[in-house]
Structures are given as C-alpha cells and as structure tokens.
Amino acid sequence: MRFSIPCLVIIFFLGQHADAATNLTSLVNLFIGTASGANGGSGGNGFPGAAVPHAMAKVGIDVSTTPRQAGYISDDSPITGISLIHDEGTGGNTEGGYGNFPLFPLGNCSFTSCPVGIEARSILRQFGSASDSASPGYFTTTFVDGIKIEATSTRRAGLIRFTFPAFTTPTTNHIVVDLTNDLQRSFQGGFISISPSARVMLGGTFLQSYGTDNYTIYSCYDFTNLSPSGGAEAHLTQFGTYQSTSASSPTTIAITPFNTSLSYPYTPNVSPIQAGALLAFASTNSNSSSSSTVTARFGISFLSTEQACANAEEEVPTWNWDAVQEASRAKWEDVLGRVLVDTGKEDPEIVQLLYSSLYRASLVPANLTDENPYWSSQYPFYDALFCSWDTFRTVHPLLSITSPFEWAEIVNAYVDGWRNTGYIPECRSNTKAGYVQGGSDGMPILGDFAVKYAAHATQLGVPMDDLYQALVDTAENTPPNWYMVGRQNTAWKTFGYIPTDWVDPSGSVGLPTREASRAFEYAVGDFAVRQAGVALKKSTDDIAKYSKRAMNFVNHWDPTVSSDGFTGFAQRRYPNRTFAYSPPDACSPIDPTPHSCARGTDNDVGFYESSSWEMSFFAPHSMSTIIRLMGGDATFINRTDLYFSKGYYTAGNEPSFQMPWVYHYANRPDLTALRVRQIVYENFNTGIGGVPGNDDSGAMAALLTFHLLGLYPVPSSHQLLISTPFVSSYTIHHELLNTYTTVTVQNFDPTTLAQTPPQGSRVYVQRISVNGLQRDSICWIEWEDIVGGGEIVIEVGPNPTRDGCGTAPDARPASLETGGFD
C-alpha cells in the first residue's frame with residue numbers, strides 16, 4: 001500500500017474557524033515528486049521518509065541508482081540501507097546529500113561471511129516501490145527476503161524497527177552499521193566503537209552536497225532497550241567490525257569478530273574504504289516459525305557522539321514506538337491544521353495536493369538548534385537553507401502566513417549567520433556555505449520579515465536593529481569570495497550594473513557569470529533593504545539610496561534587441577557601458593543552440609537557469625517599469641502570451657514562478673485566472689511525477705499552495721496578488737495573532753477546476769470584500785487581511801470585469817517607479 005484517501009473527513013465550522021474531526025495527515029501523499037529525474041523524468045527529488053516539521057533527522061531508505069538527491073526514487077532500484085538524514089527536493093549532487101551511517105538488516109548468514117559491503121548487501125523490495133508506505137512521521141517497506149523495515153523519528157533522534165521472517169533454525173539476525181558509505185560515497189575519515197551493551201557510536205567527515213567543503217557528523221545507536229518500562233526485544237549474541245582489506249580492493253572485506261573499534265585519520269581525498277560494525281541478535285521468539293524483531297534507537301549530532309547519545313536518550317527515553325510516532329503525527333497535524341478546508345466538499349485531488357504541499361513546505365529548513373558546530377549563540381541555528389534563491393519567492397512568504405514562530409526562528413538563524421560571519425547566509429548546505437546562485441537572496445527574506453513582523457519582533461525574539469544591519473552590510477560590503485556568500489557589491493555600486501569582463505581591483509573574487517540575472521536579483525535585494533528601512537523608520541537617506549538602487553535593473557535593458565517581433569531585452573553589459581549580445585532565447589526550453597545556463601565558467605549568456613526572454617519580466621517590485629520598457633499594457637500582454645505559447649515557460653524553475661500572475665500588472669486579472677489553472681493542471685498531479693522538476697526545498701510545494709489558495713506573494717511587501725482559489729472556502733489560523741481568517745468564494749464553480757475552464761464558467765473575480773467592506777481592487781489584498789481574522793469574500797462570475805483590477809488609482813498591484821510601497 002502506498003497511500004489512500006479516506007472516504008470522508010468531516011470538518012466542523014465553528015464561527016469563523018474550523019476544527020478537524022479526523023487527522024489531516026491521512027490526506028498527505030509523501031510520494032508525490034519521487035519519480036526519477038533520469039531520462040527526462042520529472043525528478044522532484046522528494047523525501048518520503050520519517051520526519052517531524054523542520055527536523056534534523058530525516059530517516060529513509062536509500063537506493064543504489066542515481067540521480068537520488070534525497071536518497072529515494074519511486075522505482076525498482078535496489079536498496080542499500082536506511083540512513084538518518086537527507087536533503088529534501090534539492091538539485092545539488094545527483095548522488096544525494098547526507099545519507100550517513102545507514103543500517104542494513106541481514107538474515108541468517110554466517111557471521112564472518114555475511115555480505116556487509118554496500119553492493120553485496122543491496123536488495124530489491126518485495127514489490128518494488130509498491131512495497132513502500134508512508135505517512136507523516138512514519139515509513140515502512142519490505143524486502144524480497146521478507147525483512148520489514150519501519151522508521152519513526154523526533155527532531156534529532158528516532159527508532160528503526162526490523163522485523164525478520166522465520167528463517168531456518170537456529171535463527172540469528174544481523175544488522176550492518178555502515179560507517180563509511182554516505183550517499184555520495186565521500187568518506188574522508190572517522191571512527192566507530194561498539195560496546196557489549198549494544199551501543200554503537202560513530203563519527204565521520206563527508207563532502208557537502210552543494211559546495212566545496214566537508215562536514216563532520218556523529219551518531220549513536222542503541223540496540224537493547226534499557227528503559228525501565230520494558231525488557232530487551234533482542235539479545236546481542238555476537239558483534240565485530242568489518243573493513244576493506246585495502247584501499248585498492250575496497251570490495252574485499254574482512255569481518256573481525258568481537259573487535260570493538262575502528263579509526264581512520266582524516267584525508268583530504270575521498271577514501272574508498274568500506275567499514276562498519278556487524279551485530280548478531282538471537283531470535284526473540286522460541287517458535288522458529290514466527291517472526292522476530294530488532295529495534296534500533298538512534299541519535300544524531302553535529303557536535304559529538306556523546307551529544308548524539310544524549311539526544312537519543314532525551315528525545316526517545318522510553319523506546320515507546322507508538323508514542324514517538326503519535327507525537328510526530330501530532331506535530332504535523334498542528335502544521336496542516338493552520339489551513340483548513342472542508343475535505344468532504346472540496347475536490348479530492350485538490351485537497352490531496354494542498355495538504356501534501358503544505359507538508360513538504362515545512363520539511364526544511366532543518367532545525368539544528370543546539371547543534372551549531374561553529375559558534376556559541378543564544379539564537380537558533382538552521383541548516384538546509386538550500387538555497388535562498390529557491391525559497392525566497394514562495395516558501396518564506398508561506399511561512400509568514402502559516403508559521404510565525406517557526407519562521408521567526410529561521411529568520412533569527414539568518415541574522416545570526418551575519419552576526420558571526422559578516423554576511424547573510426545564502427545557501428547553507430550540510431552546515432557549510434554552498435554556492436551563491438544569483439543575488440544574496442536571504443535579503444528579501446529578512447526584508448519580508450521586517451515588513452510583516454516589525455511590530456511583533458520583540459515577542460518573537462528577533463532583534464530588528466541587527467536584522468537591518470545584516471541587510472545593510474550585505475548590501476554594502478563585498479566578501480572575499482562572493483561565489484559562496486554575499487554579492488559583487490563593488491561592481492554593483494561602481495557601475496549601477498554587473499559588468500562583463502571586469503576584475504575587482506580590491507582582489508575580491510567570485511564566479512563572474514550570470515551578470516544580468518544577478519543584477520535583477522540584486523535590485524530585489526536592495527528593495528528589501530528599502531522596505532525594511534521604511535518599516536523600521538530608518539533614515540530617509542537610507543530609504544532613498546536603496547530605492548534608487550532597486551531600480552538599477554534597468555541598466556541591463558537593451559532597447560535595440562529584438563526577438564519574435566518584440567523589442568527590448570535584458571542583456572549583459574561591458575564596463576564601457578556597451579551591451580554584450582546574447583540571444584534572448586538562449587537557455588530557454590527552445591534554445592536552438594544549447595548554451596550553458598548553470599553555474600559553470602562556460603555560462604556566457606548572462607543568465608542563470610533562465611533566459612533573457614524570461615528574466616526580462618523579473619522586477620516584482622516595479623512591474624510598471626517592465627511594462628513601460630516593453631511598450632505598454634497591450635504589448636506586455638501579447639509578449640506574455642507568446643512567452644507561454646511558444647514554450648519559453650519552464651514550470652519547474654523558480655524564475656518562472658511569477659509568470660502566470662504578471663497579467664495583473666497590465667490590468668488583466670482575467671488572464672491570470674485562466675493561466676494559473678492551465679499551469680496547475682498541466683504540471684502538477686498526485687502521482688510520483690506530480691512535481692514539474694525539483695521540489696527545491698519546498699519551493700514548488702509552496703508555489704502550488706499559493707496557486708490553490710488563489711494567492712501570490714510580492715517579495716518584501718504587504719501585498720498578495722489574488723485570484724480565484726481552487727476551493728470554495730478555506731480558513732487560515734495564525735497562531736501568533738490567534739486569529740482565524742476564512743476566505744469564501746461566492747458562486748464557486750467546480751467546473752473551473754480544469755486546465756481550460758469551459759465557456760461561461762464562473763472563473764473570474766468580480767468583487768472582493770474584507771470583513772464586509774468592498775475593496776477597490778480585485779487584484780491584490782494585504783498580508784494583514786489574510787492573517788488578521790474575519791472573512792474575505794471573493795465573488796466570481798462568468799465574465800471578466802470591464803475595469804480590470806478596478807478604477808481606483810491604486811487598483812493595480814504596487815510598483816516602486818509609480819510611487820507604490822510608500
């Protein structure tokens with residue numbers, strides 16, 4: 001069994017809010033987005049294992065084939081183990097991130113000849129990936145030899161249970177504890193020790209999955225239940241270590257009974273050595289025809305093995321499986337219950353997509369508080385900020401609505417990164433700095449927090465003066481290597497754009513590609529500083545400076561470049577202010593001459609994971625400027641239509657996220673309503689290929705959540721673009737304000753739930769009222785409306801309104817150039 005939807009989940013609406021009568025976790029499909037990315041597959045890289053919200057421990061099985069960024073693929077690949085920590089939905093290294101210290105169960109083999117090597121032990125599942133079943137906080141599968149694996153977890157610890165079928169008499173079950181094989185096979189040194197009490201402690205150094213550095217991690221396994229509440233499940237009868245006989249013959253492995261430790265000094269090169277522990281357990285059942293179990297309790301830490309053991313003892317003190325699993329489920333119930341719909345009334349597929357997306361959007365960033373290996377701090381420490389480029393558009397704006405306390409901790413972690421390194425972290429991966437993809441995109445995250453929560457910052461424990469200084473320092477200072485953190489500010493401040501073929505006289509270095517797309521993102525970052533300055537009542541000089549810099553994206557606009565009958569596109573620019581031509585379709589899905597479009601030094605087009613055709617639309621803080629540069633509303637609309645119809649749109653890449661919504665800025669919200677439905681039904685579904693590309697640390701999940709709720713966030717602002725939701729009503733609970741806001745679609749038409757709604761269906765917004773007061777615009781509402789409590793009514797009808805967004809001067813969404821955001 002993989003996943004099933006219950007026939008009915010009853011939601012009782014009490015006044016202005018709703019209480020779930022049955023668990024919402026049953027509506028989450030953990031296998032959405034787990035198809036392989038090989039051979040043109042969608043490659044969502046979703047993680048379907050056991051985890052609590054924002055967990056450090058993410059426990060799941062690992063396949064032997066690549067790509068396997070999250071360790072798992074929904075196919076028939078052999079399994080090499082079940083490991084303790086994983087990435088979620090990322091691009092990164094195709095071999096995966098983390099996957100440390102896997103366990104593997106072996107049946108009734110002779111101790112010294114058990115197949116402990118990673119290739120020798122790998123095994124198929126009983127029915128391929130159809131053997132796998134999961135729900136929030138729990139995962140299970142069964143191998144072809146009948147051994148069943150289950151996992152449940154807490155933030156830094158958990159339980160893994162192996163159920164062995166009856167083998168020949170006498171029955172001895174074995175567990176491999178693998179020291180060296182992470183997902184990347186990147187072991188650079190470490191150790192393992194075994195005690196007769198069945199405690200195994202490990203530590204190892206491995207390569208990060210997205211960056212140039214390595215990291216060290218520790219684990220502690222207990223295999224004997226020592227809690228007062230119960231006796232041992234299994235009896236350890238033999239133990240020992242195994243290791244490759246030499247680095248030149250890593251698959252030739254010797255098992256040494258009763259040896260208690262192995263140690264390998266650090267080496268800068270990856271070691272091919274295979275090593276670990278082998279434990280043998282006597283069957284717990286005297287009836288040889290019955291199954292028997294071995295349960296492992298684990299803890300993980302980035303500090304020490306002692307801390308890993310302490311984490312296990314603190315978070316799983318009694319080995320009570322049901323209690324751990326139920327506590328995990330309850331944490332997910334809390335997260336999911338912040339957005340409630342009547343699941344007995346709404347479309348079942350939309351309900352499953354909504355709650356599965358809300359789930360994935362809260363898997364990361366990972367809460368490593370009290371596990372910071374680099375500095376002591378009173379503030380939280382979060383990992384898997386992987387990367388801010390992926391998540392600033394949708395994940396953080398969603399957390400701002402649903403998870404104020406968790407988001408405040410994450411924001412504090414960003415600020416504390418600046419406090420201890422001088423710069424806002426951009427892409428913390430495996431606790432180390434990863435590559436900077438574009439701008440320093442932690443800046444709009446902090447700007448967003450300042451705009452929305454400045455008045456509540458003290459209650460949330462976020463020092464706003466520090467937050468603002470973090471923004472200013474990251475906007476002003478140039479780090480020694482702006483490929484790993486920060487921005488190329490010397491160039492940005494000197495030229496007002498990012499020049500091609502320019503060397504910083506200060507000696508600061510970085511990857512000097514992606515010039516145009518970085519400039520557009522730098523402008524959004526400076527807008528974030530401006531917005532924080534306004535919210536925090538900083539000096540008018542600061543606000544004026546960053547307002548001006550936020551408009552510098554126009555300096556990359558070449559009005560002479562034409563493509564497909566349209567004129568004016570973003571381009572690279574030399575230090576002498578002349579433009580460097582790149583075909584606007586370069587790096588698009590229909591690029592006739594394949595170009596390098598990623599981080600490599602061979603990227604000579606000026607854009608990262610996007611084309612000029614697409615990035616020329618990216619100024620969410622001043623879209624009126626883009627419309628002006630493109631020639632006005634009509635031309636802008638025609639150009640947007642061609643962008644979609646010709647194939648420039650890439651659903652699975654972040655620069656495309658805003659594109660279905662840009663019609664709002666040209667006064668055509670009717671076209672947005674149609675386009676969003678087309679995009680959702682063409683690209684998302686509840687199957688394993690239901691995510692169009694990497695989930696990217698929940699970025700795609702958060703995007704789909706916003707689409708389904710009829711919202712889209714404007715970075716570092718109070719504004720949310722609004723359109724027709726995919727459900728007739730939903731209620732948002734905001735825990736900090738203790739409010740319940742119900743959004744109701746008046747005249748909701750289920751026939752609009754289609755890629756192309758039928759003619760005459762009620763898909764177009766007519767009026768919006770908030771707590772009984774009609775708004776002047778049908779194109780945007782304020783963030784305070786969606787979290788402030790009460791009722792928002794969206795009236796829909798079969799025809800677009802004559803006045804587009806409305807007749808008021810500010811009916812269209814705000815733009816900086818035309819005086820918006822003041």
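Two strands pair if DSSP finds at least two bridges between them. Strands are DSSP runs (E, at least two residues), numbered from the N terminus.

**Entry 1: ground rules.** I am reading a predicted model, in which local features need pLDDT of at least 70, side-chain atom pairs count only at pLDDT 80 or more, and totals for chains, interfaces and linings use all residues. Residues are numbered from 1 along each chain as its sequence is written, and side-chain values use heavy atoms, with hydrogens and water left out.

Entry 2: Six strands form an open sheet, ordered 20-31-32-36-33-34, with mixed pairing. Its edge strands are strand 20 (339–340) and strand 34 (773–774), each pairing on one side only. I then checked strand 33 (residues 764–770) against strand 36 (residues 790–797). They pair in the antiparallel sense, over six bridges. Tyr 764 stands opposite Gly 797 in strand 36.

**Entry 3: partners of strand 19.** I turned to strand 19 (residues 292–301). Strand 10 (residues 157–164) pairs with strand 19 in the antiparallel sense over eight bridges. Here Ala 157 stands opposite Gly 299. Strand 14 (residues 214–222) also pairs with strand 19 in the antiparallel sense, over five bridges. Asp 222 stands opposite Arg 297.

**Entry 4: cover on strand 19.** Is strand 19 mostly covered or mostly open? I find 10 of its 10 residues buried (under 20% relative accessible area, 1.4 Å probe, protein chains only). In a regular strand, side chains alternate between the two faces of the sheet. I therefore listed each face, using that under-20% cut-off. One side has Ser 292, Val 294, Ala 296, Phe 298 and Ile 300, all buried. The other has Thr 293, Thr 295, Arg 297, Gly 299 and Ser 301, also all buried.

Key:
Buried < 20%, exposed > 50% of the residue type's maximum accessible area, 1.4 Å probe, protein only. Helix = DSSP H or I, 4+ residues; strand = E, 2+ residues; numbered from the N terminus.
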